[in-house]
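Me: I am new to this structure and would like a short tour. Could we begin with the pocket?

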Amino acid sequence: MPPFDHYMEEGEIGRVGDLRLWLRIVRLGVRHRWRLAAAICLSFVLTAATMALPWLLQQAIDLYIMTGSLPKAERFAGITTSCLWYGVLVASVFFVSFAQILLLEYIGQSIMHQMRQSLFIHLMGRDLAFFHEHPSGRLVTRLTNDIQNMYEMFTSVMVTIFNDILRMFSILVFLVWMSPLLGAWMVAFVPLAALVSVFFARLSREQFRQIRSQLAVINSYLAEAIAGIAMLRIFARAVSASRLFHAMSREFYRRTLGQIKVFGLFMPMTELMSTAAIALILWFGGGEVIHKRLTLGELVAFISYMRLFFQPLRELSQNYSIVQSAMASAERIFELLDEKNIMPAADPPVPLPAPRGETCFDNIIFGYKADEPVIHGLNLRLPPGATVALVGATGSGKTTLLNLLLRFYDPWQGRVTIDGVDIREVDVARLRQVVGVILQDSLILQDTLLANIVMDAGASRQQVEEILTRTGMNHFVGRLPAGLDTMLGEGGQELSTGEKQLLSFARVLCRNPRILVLDEATAAIDTESENILEEAMATVFAGRTSLIIAHRLSTIKRASHIVVMAHGRIVEEGRHDDLLALGGAYANMVALDMKTAASMHEIGSAS
């Protein structure tokens, strides 16, 4: 498998101070503006209730506990009233927090769902070249981890930061109002606490960045390893793959421990500053109480406010890292959403109401990499209703012509036309209705056989049954446990390679394309399935323009015209017998094919 650094994730690119990103993030929440406004209003209620708790303690101590001027019954009644109000405030804090969390979770989940849908739809509309440039693991990371990071920011950070700042500001105002001298001590202590918090926030940001980057590495590797599990086992690479995964996991473990160390040091440090501040207030405030310049209730309230002050300070430091991570994720998500297709859509598209199927490749030059052409000035015409076979060695450019015909790519030079219309001027969806493709590998959905055949063609069950009967494929369906209602895919009926190809033929026939392309469609099927396909193909090819990309001689001979390719050029073309008579490239291919078939027959007879 590729070396470790092949899977490395891009560096961190989002920044907290990026106004452009913040504007786009805010726009995501515009549709939830009233819910966000309600959450902010709840912040004021929550802060007011929280700030009132130490004040109630002060009132209870100064007015009822420490005073001797009131009768005992009145003092007990006052304490009882204060306790009841304290309980009401605590309950209010609980219910307001609960309501705010529900609101934020709803907003976060809605935005996450909206973004995931938008991103998935956007990815489904990208050119094929896009997926060659972006590893699947990274795209999965965008749809999962990156969106999750933004979700955490919407639910845990945006309003929470507002809560924390509002609470800290309110505490400072209360402290200065209660005792200007003690409040001044407190205000002088704030820069030190803020400095420590910023320092640890930056350390934490770097740790979060490293953990998130390594998680993307693991995702990318897992996507590749699971997709190629069969090859790993065939070539005995499972052990080395496990070793590489162990190294990646170990690195993730090491980076996670780094984050734990940062927070393991920061939390006690914050607690130490909080304790030191309380000790200072107790020492200085105790003297003020002794000198009657401060009441005991005010001192207790001061200490309570101090404890409340350091809680949002800790949360702000932690949330800074979450915001940093979310900004990096937002940058990547928006960058992906901003990517445009290289191939422009037809505007307005030229209609193809009743295509005859004449297909032409005019002076095509094309390559997948700059300055490395795969097709060199190729000219090819497929008359309406003709069956043309395209043959040649691997890498000669056969499948590339299919990619150009389906407009997965546009040629560098020249044009591909259907009935004289450049396919760049045709709507892509319409083009892929006109051109039907049967590949060697078939996508099987986790659904019924009927759903796998129809997909989005809109054909009825009766139409599918008629197609199967007309092509002779109903025999294959009749062998399945529940016929067309047989469940396929994971947890359902497994199909053989030949049965999958039969399904592909039925799937294409449901769309009734005018042009049909077979890309090695019969290369790996068994004899029984090929016999069924013989009958199906007679129906499939009837009246359609067909392009067959194949190596099997039995499939090639069915064509009325054979085109031989080599190194992106046409080297021979004509009928089967005529090409054999030439004794050139095609004759050599046929001789090699017959020699291989004879060798296989001898091996079979010997066994």
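Me: Which helices and strands each supply at least two residues of the lining of the largest pocket?
Reply: This is a predicted model. In it, helix 10 (398-405), helix 11 (428-434), strand 6 (435-439) and helix 15 (497-509) each supply at least two residues of that lining.

Me: Which of them gives the largest share of the lining?
Reply: Strand 6 does, with five residues.

Me: How much space lies in the largest pocket?
Reply: The largest pocket holds about 1,300 Å³ of space. It is lined by 40 residues, and those closest to its centre are Leu 406, Phe 408, Arg 432, Val 435 and Val 437.

Me: How does the lining divide by class?
Reply: The lining has 22 nonpolar, eight polar and 10 charged residues.

Me: Let us turn to the core. Which residues in the largest nonpolar core touch the most other members?
Reply: They are Phe 361, Ile 364, Leu 378, Leu 380, Leu 390, Leu 401 and Val 435, out of 32 residues in that core. Val 435 is also among the residues closest to the centre of the largest pocket. As a general point, nonpolar side chains tend to be buried together in soluble globular proteins.

Me: What does Ile 364 touch?
Reply: Leaving aside residues up to four places away in sequence, Ile 364 touches Ile 375, His 376, Gly 377, Leu 378, Leu 404, Pro 411, Gln 413, Gly 414, Arg 415 and Val 416. There is also a second, separate core of 28 residues, which includes Ile 171, Phe 266, Phe 284 and Ala 301.

Me: A new topic, then. Where does Asp 410 lie?
Reply: Asp 410 lies in the loop between helix 10 and strand 4 (413-418).

Me: Is Asp 410 buried or exposed?
Reply: Asp 410 counts as buried because its relative accessibility is 16%, and the cut-off for buried is under 20%.

Me: What does its side chain contact?
Reply: The side chain of Asp 410 makes a polar contact with the side chain of Arg 407, at 2.8 Å. Arg 407 is found in the loop between helix 10 and strand 4, and it is buried, with a relative accessible area of 3%.

Me: What is the phi of Arg 407?
Reply: Phi of Arg 407 is near 55°, a positive value in a residue other than glycine. Most residues other than glycine have a negative phi.

Me: And what about Asn 363?
Reply: Asn 363 also has a positive phi, near 50°. Asn 363 is found in strand 1 (residues 359-366) and is partly exposed, with a relative accessible area of 35%.

Notes:
Residues are numbered from 1 along each chain as its sequence is written. This is a predicted model: local features need pLDDT of at least 70, side-chain atom pairs count only at pLDDT 80 or more; totals for chains, interfaces and linings use all residues. Side-chain values use heavy atoms; hydrogens and water are left out. A nonpolar core is a set of buried Ala, Val, Leu, Ile, Met, Phe, Trp, Tyr and Cys residues joined through side-chain atoms within 4.5 Å. Buried means under 20% relative accessible area, exposed over 50%, partly exposed in between (1.4 Å probe, protein chains only). Contact means heavy atoms within 4.5 Å. On a 1 Å grid over the protein atoms alone, a cavity is a set of points where a 1.4 Å probe fits but cannot get out, and a pocket is an open set with protein on both sides within 12 Å along at least five of seven lines; lining residues have an atom within 4 Å of a point. Grid points are joined across faces, edges and corners, and a volume is the space filled by probe spheres set on the points. Helices (H or I, at least four residues) and strands (E, at least two) are DSSP runs, numbered from the N terminus. Ala, Val, Leu, Ile, Met, Phe, Trp, Tyr, Cys and Pro count as nonpolar, Asp, Glu, Lys and Arg as charged, and the others, Gly among them, as polar. A polar contact is a pair of N or O atoms within 3.5 Å; within protein, one must be able to donate a hydrogen and the other to accept it, and residues adjacent in sequence count only if both atoms are side-chain atoms.
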